[in-house]
Amino acid sequence: MSSPIMGRVVATEKKPNTAHEFHFWTSLDSPVGIGTIVRVDGERPVNGQLPRIYGIVVEGFSYTDLLSPIHDVLGHDGAPETAAQAATLRAEIRLYTAHVLRQIPDEPLQPVPMGTVALASDEDVAVALRMDTYLKAGTNTGIPCGLYRAGAMEAPIYLDAEFLMGPEAAHLNISGVSGLATKTSAVEWLLSSIFTHFPENKGSVAAVCFNVKGPDLLFLDKPGTLDDADHAIYDKLGVPAKPFERVRYFAPYTAQGFSINTLRSNEALSHNLSPLTWGLNEVMQFAEVLLNRDDVDAKADAFIDFLQERVINREFRDPVLSSPHRVRSFGELEQFFRDLLRGMEDRSSGEHWRTHHVATIRKVRNRLSNISTRCAGLVTDEGAVSDLPFGSFEDRTVYVVDVASVEEDAQDLIFARVVSKLREHLERRDLGVSHVIVFVDELNKYAPADGPDTYVRKMLLDISERGRYLGLVLFSAQQFRSQVHRRVPGNSGTSLYGRMDMDELATPGYAVLSPATRTKLATLEKGQLMVRHPHFAQPIFVRFPRPAVMRGRDGAEQFPPATDLAIDVAVMRSLRQLDSAVSLDWVKRTIAGHEEADVLRARNETLRTKPANVKSFFESRFRKIVPTEPVAVPVAVPIRALKGDDPYGF
Amino acid sequence: MLDAPSIRAADVIEDTQMRAHAVSGPLEPRFDAFLDGSQLTLVARWQGVIPIVFGTVSAAIRQRRERRLSTWGAPLVRRALYAPMSQLDRDVARVLNEMGVAVVDTLERREPDSGHPFALQELAYQAVLADRERVETELAVRWCERERGVLYLDGGISGSATVARAANVVGVIKSHQTLYAEGDALAVVSALTTGQRSSVVRIESSRRTSVASWYLRVADAAGRDPFWGLVRVEVALDDDRSALGRRADDVSRWILAERLPLALPDPRWDKMAYGIRDAEEYLRAVQ
């Protein structure tokens, strides 16, 4: 149905219309505002066709027939309160400037002609944003991202999966001030929408989300609070208003090693929480992430390469060593170093071993041994591994890696290794799903515009530039886009903007937006976004519902994290994931008398092996403790019995 | 194009002689609509030394609803060629008549003062002015026939008997080329202060309908010429003379209430009501 006319195109010599911009006026009570999409119907045919132009309002002006404000002051004798007494209200205009979204016909591309202006209808919005090209039945690749509202009209806005998830374009970047939960909420909502509407013919999709602060992403499987307005948006966009059905959480252990280092440590939520622990093999490949470039020079680098190629994971013999070494863990690596350095000292073999200077060997030993200390809880000395299920990722599943409470080095290592593994598996097509969305918040920390060229930043740049061919899609978020390496958001096909800081909006990256659009961005309500997408000629504003998942803050209140657990409780909770019959008493009895390190090793081996009989496997991990027997103390017989109680016999 | 300044006698019908009356009471905007006319002239062609003038006359009523103005009915816009037809070549006259545009013979109504080309041009301008008054009157008559609301008419009302006798039309004249007071009476008029009116006089003319009229000072003239902020008001004559003063006070209050908003930036803002400025702007856009 065609919308009623609510304005007319107007052009003057001072404000002419162009092929990309036009002006129109409306009545004072028209529902037009910044971001409103309008339709212009031309009055003269071009090549036999009446031109139709779609535009989005980017600026608004209001003025009266006064030439100078002083005239109004004079008119009211300087008394503003007399304005209400004016017999007539001055003639007033609402003049708007709109940027062209689309012209039909496309050719010849002419300045916007005079014509009538109407609010765009649902169909008009689809045409204006070129959504008609990807919403066709049978080849529909639309992913709902929100509702466009103008007056009483609401139109669904769709992103093209081909341009959001690859291969045409990919990646999404979202900017917005912190504290409004817009960025996280928008991503959670979009993931729901993608999981619901991702076209079947494009394959499967999973998401890996890095929880970098607080409990933001830790309750994705719990229902949140929605109001009627939210439900209406979910209904309109065809997305079920329910939490994610399949979510798995991963987090390293605390440095102590007893419990998992996450705010989602409530026992009621432990069923889908797994530890994230790596050993030497997992870490060495990414040692570069943890080693300071200034510290590890070419010589140290060469020695690390030597260790990786010749020592680790194979039997290594050398005359300097007291015995052959097979290094599979940081503990065994330390034994290797100790043996090597002692051997060099004992044999007085000089300062070099296999061309490597002893100082270099000592430096590398120091740096590598340090890793398990710096990344305690994630990296284990004994080599226990508990990892994401690379190779068996499941469709429509969210994998949350909680790094919020982890040291910065460990965060970098986790990030680098997980993404690299995803990439490796996607290249081999054996990840388990064909597309993975990686969500990274605080991008300004991982890929800053300035600062050192870190491994993590290089990897993010690589994903953003080449990931779309693999199905590796980066959803990134940050508070200040201007502080992020420009190639990351630059390669994002889709950009979302929540409420922005005025200082940020004053940076050159936002110069393409009109002052009114920037002002609107600075005052956006929660639940509103500005969207840029390859199909949209201009950014548009949409509303999205609250995500149907529990807010992190609510989750933390409803499921308070477990306080410092005793080792027996921590072990019980871990083993109960495998066998609900495990009791605290049984654990206490089993670990009584054993060292903490042995208990944790036994637990880790049990969790990694997932044996059929958990109890017996766990028990078998301990060395038998032979109970001590009381020693018979011989009773001394006095030589002579004493009289009375005088020991001196007086 | 203005008439020559003149003074005409007028009978004072409210008092025995001209005096000032303070308009008291709350100011009350009672006008429902504002009527104004406009004309546009240009010499379309010189046929030798004879000017052929193209004129556009228009009139519009801007009706006030909830303090906003919008156009009442349709504006009257007429276009015509004005030329001394008998002085044109026969072929040129024939071409003008066949152009499909109204042609007005300027010699039909009045003889030129001389054969000077500018005198002919002035004659054409006077003819355009007469047509403007005609469309204004026509529109005012329509208003009187269809509406009961009070009409503020920019100019005199005596040109039409219907309008001149209508109780719901008030004419407000800003120009004082013709004064209806002389001697002591003129001194009283020129000394009126803001919010004062003169006694009511009867204005009679052989070609026009008699009306009641008075002067009203709507803006402080201190430091300016004596006609600054001075308007002359015309309303229908009332047989009840005792009611004249009350009627003059009421209408004066209505006019004074139109001082807000000022008609700035129009240079005649001292005398002009904002509704009239709005009508002029409207006509400028449509004619």
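Buried means under 20% relative accessible area, exposed means over 50%, and partly exposed lies in between, with a 1.4 Å probe and protein chains only. Helices (H or I, at least four residues) and strands (E, at least two) are DSSP runs, numbered from the N terminus. This is a predicted model, in which local features need pLDDT of at least 70 and side-chain atom pairs count only at pLDDT 80 or more, while totals for chains, interfaces and linings use all residues. Residues are numbered from 1 along each chain as its sequence is written, chains are lettered from A and ligands numbered from 1 in the order in which they are written, and side-chain values use heavy atoms, with hydrogens and water left out.

**Stop 1: a helix in chain A**

Select helix H18, residues 567-576 of chain A. Eight of its ten residues are buried: A:Ile567, A:Asp568, A:Ala570, A:Val571, A:Met572, A:Arg573, A:Ser574 and A:Leu575.

Next, go to A:Val635, in the segment after helix H21 (614-620) of chain A. Is A:Val635 buried or exposed? At 73% relative accessibility, A:Val635 counts as exposed.

**Stop 2: the barrel**

Select strands S1 to S6 of chain A, which form a closed barrel in the order S1-S2-S5-S4-S3-S6, with antiparallel pairing. Two strands pair if DSSP finds at least two bridges between them. Neighbouring strands of this sheet are turned by 40 degrees against each other on average, direction ignored. Look at strand S3 (residues 37-42) and strand S4 (residues 52-64) of chain A, joined by five bridges. A:Val38 has A:Gly55 in S4(A) as its bridge partner.

Both of these residues are among those that A:Phe22 touches, as are A:Val40, A:Ile53 and A:Tyr96.

**Stop 3: the cores**

A nonpolar core is a set of buried Ala, Val, Leu, Ile, Met, Phe, Trp, Tyr and Cys residues joined through side-chain atoms within 4.5 Å. The largest has 90 residues, and A:Phe22 is one of those with the most contacts inside it, as are A:Phe24 and A:Ile37. Helix H4 (residues 182-197) of chain A gives the most to this core, seven residues. A second, separate core of 77 residues includes A:Leu276, A:Val296, A:Leu413 and A:Leu474.

**Stop 4: a strand in chain B**

Select strand S9, residues 169-173 of chain B. Five of its five residues are buried, so S9(B) is largely enclosed by the rest of the structure. On one side are B:Val169, B:Gly171 and B:Ile173, and on the other B:Val170 and B:Val172. In a regular strand the side chains alternate between the two faces of the sheet.

What joins S9(B) to strand S8 (residues 150-154) of chain B? Four bridges do, and the two strands run parallel; here B:Asp154 stands opposite B:Val172. Strand S14 (residues 230-236) of chain B runs antiparallel to S9(B), with three bridges. In S14(B), B:Val233 is the bridge partner of B:Val172.

**Stop 5: another helix**

Finish at helix H16 (residues 515-522) of chain A, where A:Ala516, A:Thr517, A:Leu521 and A:Ala522 are buried. These buried residues pack against several elements of chain A, including S4 and strand S20 (494-497).

Key: Axes are lines fitted to C-alpha atoms, for helices over the stretch in contact, and angles run from 0 to 180 degrees between N-to-C directions. Contact means heavy atoms within 4.5 Å. Lists of a residue's contacts leave out its neighbours within four places in sequence.
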